[in-house]
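Subject: Handing over the two-chain model

Hi there,

Here is the structure I promised to pass on to you.

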Amino acid sequence: MNGGEVPRVEHETKGSTVIVRIEGDVDAANAAGVRDGISRLLTNHLMGLVLDLSRTRYLDSAGIQMLLDLSERLRSRGQDLSLYVTREQPLRLTLTLFELERAFPVADSLEEALAKIDPAPG
Amino acid sequence: MPRRQAADTATTPSNRSGPGAGYFEAIVESSEDAILSNDRNLVIRSWNPAAAALYGYPAEEAIGQPISILIPEHRAGEERDILRRVLDGQRVGQYDTERLRKDGTLVAVSLSVSPISEPDGSISGASVIARDVSGRRRAADRAARLQHLTTELAKAVAPEEVVNVALREALAALNAHAGAVGLLDEGGDTIRVAGYSGYSHTSLASWETFAVKAALPMSEVVRTGTPAWVVGQEELVSRYPALAGAEIKFRSRAVVPLRAHGRVFGAISLSFREARSFEPDERAFLEAIVQQAAYALDRARLHAAEQRTRQKLDFLARASELLAQSLDVETTLQQLATFAVPRLADWCAVDLLSDGEIKAVAVAHANPAKVELARELQRRHPADPDAPVAAPAVIRSGRSELHPAITEELLAAAAPEDEALEIIRGLGLVSAMVVPLRARGRTLGALTLVAAESGRRFTSDDLEVAEDLARRAGLAVENAMLYAREHQAAVTLQRSLLPRDLPRLPGLQLAARYLPAGVGADVGGDWYDTIDLADGRLHLVVGDVAGRGIRAASVMGQLRNALRAYVLDGCSPQEAVGRLNRLARTFESSEMATLVHISFDLRKREAECVRAGHPPPLIRGPNGEVTELAIQGSLPIGVRQGPCPTTTIQIEPGSLILMYTDGLVERRGEGIKPGLEKLKRALRTAPAEPEPCLDFVLHALTQTGSEDDVALLLMRVAKTADQPLELTVPAEPSALAPIRRAVEAWLADQRIDLRDGWQIVAACNEACANASEHAYAPTQAGSIEIEARKQGPRIVVTVHDHGQWRRPRGHDRGRGLTLMNYFMDRVDVERSQEGTTIRMERTVGRGNGT
């Protein structure tokens, strides 16, 4: 059956942090696949993961579950997770609704999100 | 004492009736075979002079001694066995064994042992005839050695293996202490040591190669073709003064030429610590071994050369295959470079001449990091077109360069900039070849092959392979360039003939695409067109001219323009297509084309359609069902026929009409049916907005790459403001995206801003996700019905499935329901025998974000 669209997932490594950018829609059709794809990028020597959701058009409840799964996985390995979401994005409301800001930092800019992982000295 | 007498003279039973005892005694005394006898107590009783000579005991010492003095310890058991048989009256003949001499050495003998019978039939002892067979034994030994050598040589395939076997066997044959195999170089002036044993590395270091004309044993033997046998130190130094001092350890020397098919190509040399002479049989034996080795070595070298040739041809054949795979220049050359590494070199780079500039188009190395470094280098330090060496020089001159060793001067000439030079030095380049890429007498670029880590040094043989490779690559590049030029021209022509902008009309949305066929195929004559007469009618055309290339594209242009003219002239589709048909038949070469022409009345939403040999458009109704638009067909354009039939169809608001050419659905070997079914399925779940809808359909249909070009035209007839959304989709997560798109499009039709409406989309998504996750067993293919209505300021959405509602327990752990409740003013879940209905409503236009 055709139909499910796969969001574009790109990653880059900055120092000991991996930045993953998700473009498009994350929903029940692809959330598990996206989660597994990101998990494969998580090596032991990483400090943490920054999820750049600034170009994520839509994130449904399965996407919320994906974020929680990743957060748990990282925490169990002593690694950090932070999110980059702009203030204008509707999905920010979804994050707030489930109080995800209490589980991991949600930043307004990529720099800020990176700083949450690897705090600059001083 | 007659009995004793009989035993002492070794009389045999068969001879007893013959001539007198003195006669036999004389025979025994003069026999060259040792003849002796022993009694039942194994005491020696007779002993002829030959026995004395063989065993070293004179008769008076031997007689009276036990026979065991002659028997080595390891043969004791065997003697008892022989004796038991003889005392039983049997004769044991030709028994090969060993005996002990007085001096303690062993001697190989062949024995015949016979019982000595008394007249009463009793057996009093045994007579023994012994023959010295040491010589025979040695010969047998050597035959076995030669046999063994033959077997070993047959197992050795590579020349190096043959050298090792030959050396080992020659050393063992004469118990030599050291040995070497020297082979004549290709030029015939020097001898190179191909293998050695027993010499220290340091003592041999200065003898790795030496001149054929040198006054050395091996040189002399190779020159004369005759073996040299040097018996002692003095002779060695007097014959070869160069060896004085160097050869203290070894006193004697045997050197035998390696010869095959009448040609001497090397020698095997053996060294001995002791001064020794070489007996004729030893000389013959060594020569036989070396001869065997020579034939084997010759064969192995021939085989190795053949294999190299075969590998070379194989390499070139595979390269040709690779070059034929793609018509894209850069892809082709990158594949070629990757293929050449590491088979031919550690690095491979290709530069092309493009508008007078040298452009690096491909580079390959086994290590991707190094490739990146090289690319960076090329970016920062582009090749100097006037450089005196390497690719620029080869491109200018059209002549190859072979650098067996890369020198500092060469690097400096190739890279005048310090930074680049530093990086290149760090690469540890050893040897290089640069060959021109040529086609039809023109130099297109250069192929650079460099050895680094492998330490390989390129030879004229390698250059030949590289040149052959470059010749093939040059032709492939030329073909690809020609193709690219023609393809580009045709694509440009085609694009220039297609409309740039689509009309914007109220209540109607349009989207169109033209996709040229994939690389390797020609452009075709597919087209689409829209003509807005500004009288409330919009004409839509999709057509396909038979054939390929620039000609098909230009015929397409003529047909398209003619059809436009007829329509602007006020023709109906039927009249326009009729005229087009007459026009096409006046063309010089008879051209065929197929098309669908629809004239759509925006006010009445009525479509007047003609279909000439073309696949029928698809329509997706407001209920989501996809069917073929039932237009009566006629023959293609260019075929003599009467007027084309017209079909008029009422189009419902919210419908999508998709017109396409067969390139979208036709696959070689499959026909049109499977593709058409796939297209229908894709359109069923595609988003409602025309642009995303076309993206979706193309993504679903052209994943395997289209062999033909494709033209698509999509029209969406907007819903009227009060019209509800009615959607039926399969209950699976993959339907969620299309559902969201459909709800978004419907909200847009209702003039509801998405900033206000996105929560409705999200709530609807969660309701459908719930239905697809909970409503049906995994094996059950169910469907979900979605309905959305606008009732004043309220939006009411119902999502209905036919399965049994189950308590939310999937991955979202009830978050979906939370979201629905949060995003909508009201959510009701109603379960019944027929399934589950979720009814949600939200008042819009309140101006707040939530």
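How many helices and strands are there in chain B? Chain B has 24 helices and 32 strands, where helices (H or I, at least four residues) and strands (E, at least two) are DSSP runs numbered from the N terminus.

Before the details, a word on conventions. This is a predicted model, in which local features need pLDDT of at least 70 and side-chain atom pairs count only at pLDDT 80 or more, while totals for chains, interfaces and linings use all residues. Residues are numbered from 1 along each chain as its sequence is written, chains are lettered from A and ligands numbered from 1 in the order in which they are written, and side-chain values use heavy atoms, with hydrogens and water left out.

The two chains in outline

Chain B has 850 residues, 51% of them buried (buried is under 20% relative accessible area, exposed over 50%, partly exposed in between, with a 1.4 Å probe and protein chains only). Its accessible surface is about 40000 Å², and carbon and sulfur atoms account for 50% of that (Shrake-Rupley method, 1.4 Å probe; for residues, only the protein chains shown count as cover). Of the contacts in chain B between residues at least 6 apart in sequence, 62% link residues at least 24 apart (a contact means heavy atoms within 4.5 Å).

Chain A has 122 residues, and 49% of them are buried. It contains 4 helices and 6 strands, arranged along the sequence as β-β-α-β-β-α-β-α-β-α. For contacts in chain A between residues at least 6 apart in sequence, the share joining residues at least 24 apart is 69%.

Chain B holds an open sheet of 5 strands in the order S2-S1-S5-S4-S3, with antiparallel pairing (two strands pair if DSSP finds at least two bridges between them). Its edge strands are S2 (44-47) and S3 (92-100), each pairing on one side only. On average, neighbouring strands of this sheet are turned by 30 degrees against each other, direction ignored (axes are lines fitted to C-alpha atoms, for helices over the stretch in contact, and angles run from 0 to 180 degrees between N-to-C directions). Between S3(B) and S4(B) (residues 106-117) there are 7 bridges in the antiparallel sense, and B:Arg99 has B:Val107 in S4(B) as its bridge partner. Helix H5(B) (residues 76-87) packs on the sheet, where it touches S1 (34-39), S3, S4 and S5 (123-132) of chain B, and its direction makes about 150 degrees with that of S3(B). Helix H6(B) (residues 134-155) lies across S3, S4 and S5 of chain B, at about 125 degrees to S4(B).

Further strands in chain B

S30(B) (residues 794-801) and S32(B) (residues 835-843) run antiparallel and are joined by 8 bridges; B:Thr798 has B:Arg839 as its partner in S32(B). S32(B) also pairs with S31(B) (residues 826-832), antiparallel over 7 bridges, with B:Arg826 opposite B:Glu841. A hairpin through 2 residues joins S31(B) to S32(B).

In a regular strand the side chains alternate between the two faces of the sheet. S28(B) (residues 725-730) has a covered face of B:Leu725, B:Leu727 and B:Val729, and an uncovered one of B:Glu726, B:Thr728 and B:Pro730. It pairs antiparallel with S29(B) (residues 783-791) over 6 bridges, and B:Thr728 stands opposite B:Glu785.

Two spots in chain A

Helix H2(A) (residues 61-76) has 16 residues and reaches 23 Å from its first C-alpha to its last, close to the 22 Å expected (1.5 Å times one less than its number of residues). Its buried residues include A:Ile64, A:Met66, A:Leu67, A:Leu70 and A:Leu74. At the start of H2(A), a side-chain oxygen of A:Asp60 comes to within 2.9 Å of the backbone nitrogen of A:Ala62. After H2(A) comes A:Gly78, whose phi is positive, near 70 degrees.

A:Glu101 sits in the loop between H3 (90-97) and S6 (106-107) of chain A. Is A:Glu101 exposed or only partly exposed? It counts as partly exposed because its relative accessibility is 34%. Beyond its neighbours within four places in sequence, A:Glu101 is in contact with A:Leu95, A:Thr96 and A:Val106. The side chains of A:Glu101 and A:Thr96 are joined by a polar contact of 3.2 Å (a pair of N or O atoms within 3.5 Å; within protein, one must be able to donate a hydrogen and the other to accept it, and residues adjacent in sequence count only if both atoms are side-chain atoms).

Best wishes
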